[in-house]
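Good morning, colleagues. Please turn to the sequence and the structure on the screen, which I shall discuss in two parts.

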Amino acid sequence: MITGAHILFYSRNPEADRAFFRDVLAFKAIDIGRGWMIFALPPAEIAVHPGDATVPPNSEDAVTGAAVYLMCDNLDSTMKTLSAKKASFTRVVEAPWGTVTTFALPSGANVGLYQPKHPTAFKR
């Protein structure tokens, strides 16, 4: 049976992005050798949305692309905490499904962050 999920971020600056996940987001991690970090994630869920499937760069296995949104209970508070650690955010948008922003990783890649308005599939 499925026992977990592994999410990949393709990065032009993996060392800086790994440090961001470790130091700014404070995700626990293991080092599997030579600084290659694998981070534990908070509870997760998957939603399937309509759209064109894309293949991420360097994907030899043609795995379909995906967007990553991290979720929080209080977006304003989370943004203040992360801003104190030098995270930068786009403007906040009220969507039907949540209060949404994005933040930039050191490599320039953007990650979604939102406070959901919908029920979640995991216990909060």
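This is a predicted model: local features need pLDDT of at least 70, side-chain atom pairs count only at pLDDT 80 or more; totals for chains, interfaces and linings use all residues.

Once its neighbours within four places in sequence are set aside, Trp 97 is in contact with Tyr 69, Tyr 114, Pro 116, Lys 117 and His 118. Where in the fold does Trp 97 lie? Trp 97 belongs to the loop between β4, residues 93-95, and β5, residues 98-104.

Is Trp 97 buried, partly exposed or exposed? Its relative accessible area is 35%. Buried would require a value under 20%, and exposed a value over 50%. Trp 97 therefore counts as partly exposed.

I now turn to the salt bridges. How many does the structure hold? There are 3 salt bridges in the structure.

Lys 117 forms a salt bridge with Glu 94, and the closest N and O atoms are 2.8 Å apart. This pair links distant parts of the chain: Glu 94 is in strand β4, whereas Lys 117 is in the segment after β6, residues 110-116, and the two are 23 residues apart. As for accessibility, Lys 117 is partly exposed at 48%, while Glu 94, at 53%, counts as exposed. The two values fall on either side of the 50% cut-off for exposed.

The next pair lies within a helix. Asp 76 and Lys 80 are both in helix α2, which spans residues 75-83. They are 4 residues apart, about one turn of the helix. Their salt bridge has its closest N and O atoms 3.2 Å apart. Asp 76 has a relative accessible area of 46% and is thus partly exposed; Lys 80, with 56%, counts as exposed.

The remaining pair is Arg 22 and Asp 23, which form a salt bridge with the closest N and O atoms 2.7 Å apart. Which class of accessibility does Arg 22 fall into? Arg 22 is partly exposed, at 42%. Asp 23 is likewise partly exposed, with a relative accessible area of 43%.

Thank you for your attention.

Conventions: Residues are numbered from 1 along each chain as its sequence is written. Side-chain values use heavy atoms; hydrogens and water are left out. Buried means under 20% relative accessible area, exposed over 50%, partly exposed in between (1.4 Å probe, protein chains only). Contact means heavy atoms within 4.5 Å. A salt bridge is a side-chain nitrogen of Lys or Arg within 4 Å of a carboxyl oxygen of Asp or Glu.
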